Amino acid sequence: MTYVDAPSTERPPAAARRRWTGARIAGLILLALWALLGLSIVYMLVVGYDPEKIAKYGPRILNGIWVTLHLVVLSILLGALISIPVAIGRLSHNPIIGGIAFGYSYFFRGTPLLAQTFLVYYGAGQFTDVLKAAGLWMFFRDAYFCAVLTFSLNTAAYQAEILAGAIRSVPSGQWQAADSLGLRPFITMRKIILPQALITALRPYGNEVILMIKASAIASIITVLDLMGQTRYAFSKTYDLQIYIWAAVIYLVTVEVLRRLWEMMERRLTRHLRR
Amino acid sequence: MELLSFGDSGWGDELARGVLVTVTLALATLPLGLLIGFLIAVAKNSTEPLLRNAAHVYTTIFRGLPELLTLFLIYYGGQMALSALWRLLFGYAFEVNSYLAGMIALALVFSSYASEVFLSAFRGITPGQYEGAYALGLSRSRTMLLVILPQLIRLALPGLSNLWLNLLKDTSLVSVIGLTDLLRNTNIAVGVTKQAFFFFFVACSLYLVMSIISSFGLRRVSAWAERGQGSR
């Protein structure tokens, strides 16, 4: 049993002071560790600053950023195009069409992107004669095109799920109301369902873009010289860990900026929904 | 089909061994990732802003980096740091195990996503649960263990199931640092037999089978987690 003093009635209670709780100390230590890590990375980059290396590999890295950017943009756009029929299939009541769309989506979402990339890039090599005869060998010989193809097919599966899920999330009353107004299904879809569905899909789409930027690093494994590829090349020449740190900073900044921009856009587009 | 037979002539046993490495790597990463993820989520849920910020830095970093880059940073960075340390202490170089490097890198990625899942699960638990537990005289740790955690598992399970499937796929990246997982052994098989499309298709199918089996397992786990919810 502990004995507690009756609170004094004369003095006002002392203003609540921030005490050194365990959580506070832990937070301080962890933040200090992060700061230490950040400082040591900055120190490493400053001390290891080598104008020769920058002159030699800087332009390559910049070129790599450019390759990563158009690889991602192209894949996302092509994927969006492919995702439309897949999403229609996913929403279809026809078991055959629905089954095919489900199989497509299940295959591309259930297997690693790296394995898919190998399947397309190296797998095409097994059919060299057929592809040459079809005039497609120029396409499949190039690692960049293979990466774009694989990434598009892969992100199409994810985007189809996002789109189909968003369309399903629109209440069926919207369909019925449009129907009773005599609107054709296509018009209903375009003017009533999609505008509402795309608002729901905004956040998942943003996540998908970010996942795609990160996943694009995989292209470097099949010799595409994107940001990661150029980084790996420079590392193999210099064995200098700095180069990976630079790449990490570039990826982090890109992803973080994009995330913030997307958040701002989402806030702007959903301002009519806020209460 | 002969290519897939077991023994000297076929590649069945190599692929099977690869599957084993892939599965054990994912299973070994899971508890580590869950534990770190849970701790990070608790930190993010804290009333202390310093702790919250420290936890958010963690997620920002490991969710923002490509998994492949995290893996390389851990593998080569760990190699360099530990080698320097070992040479200082014992006078010889140190070889970083690619299995361990893969496990740590995957756990970092997994835990940063898991912490977000746990955090939103925390938000799904009403304050009344804590108040009720405190009113019964339970200590903070016992409240967490006996009252909050069982509900947290139920709320977090759908998100964690997705993360598990992602983890299973992400293990394929360790083939790049030389770990003989399913994809690496497939690559070796392709190098010898030149049957690229066939072998990579088999590898993809094996990954699919693993995720189908996982889905069944996860459904059982989710049924177990929902056992107190009654039929709806």
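**A predicted two-chain model, chain by chain**

Chain B comes out with a mean pLDDT of 90, and 97% of its residues get to 70 or more; pLDDT is the predictor's confidence in each residue, on a scale from 0 to 100. This is a predicted model, in which local features need pLDDT of at least 70 and side-chain atom pairs count only at pLDDT 80 or more, while totals for chains, interfaces and linings use all residues. Residues are numbered from 1 along each chain as its sequence is written, and chains are lettered from A and ligands numbered from 1 in the order in which they are written. For the complex, the predictor gives an ipTM of 0.89 and a pTM of 0.88.

Chain B has 8 helices and 0 strands, where helices (H or I, at least four residues) and strands (E, at least two) are DSSP runs numbered from the N terminus. Read from the N terminus, the order is α-α-α-α-α-α-α-α. The C-alpha trace of chain B spans about 70 × 55 × 30 Å along its principal axes. Among the 232 residues of chain B, 36% count as buried. A residue is buried if 20 or more other C-beta atoms lie within 10 Å of its own, exposed if 12 or fewer, and partly exposed in between, with C-beta atoms placed from the backbone. Of the contacts in chain B with a separation of 6 or more, 70% link residues 24 or more positions apart; two residues are in contact if their C-beta atoms, placed from the backbone, lie within 7 Å.

Leu157(B) gives a local view of chain B. This leucine sits in helix H6 (residues 140-170). Leu157(B) is partly exposed, because 18 other C-beta atoms lie within 10 Å. Leaving aside residues up to four places away in sequence, Leu157(B) touches Val221(B), Ser222(B) and Ala225(B). Arg219(B) is 62 residues away from Leu157(B) in sequence, yet their C-alpha atoms are 10.0 Å apart in space.

Now for the interface. In all, 36 residues of chain A are in contact with 36 residues of chain B. On the chain A side, helices H1 (22-47), H3 (95-110), H4 (113-125) and H11 (242-269) each supply at least two of the residues that touch chain B. By class, that side of chain A has 25 nonpolar, 8 polar and 3 charged residues; Ala, Val, Leu, Ile, Met, Phe, Trp, Tyr, Cys and Pro count as nonpolar, Asp, Glu, Lys and Arg as charged, and the others, Gly among them, as polar.

Elsewhere in chain A, helix H8 (residues 172-180) lies largely in the open, because 0 of its 9 residues are buried. After H8(A) comes Gly182(A), with a positive phi near 80 degrees.
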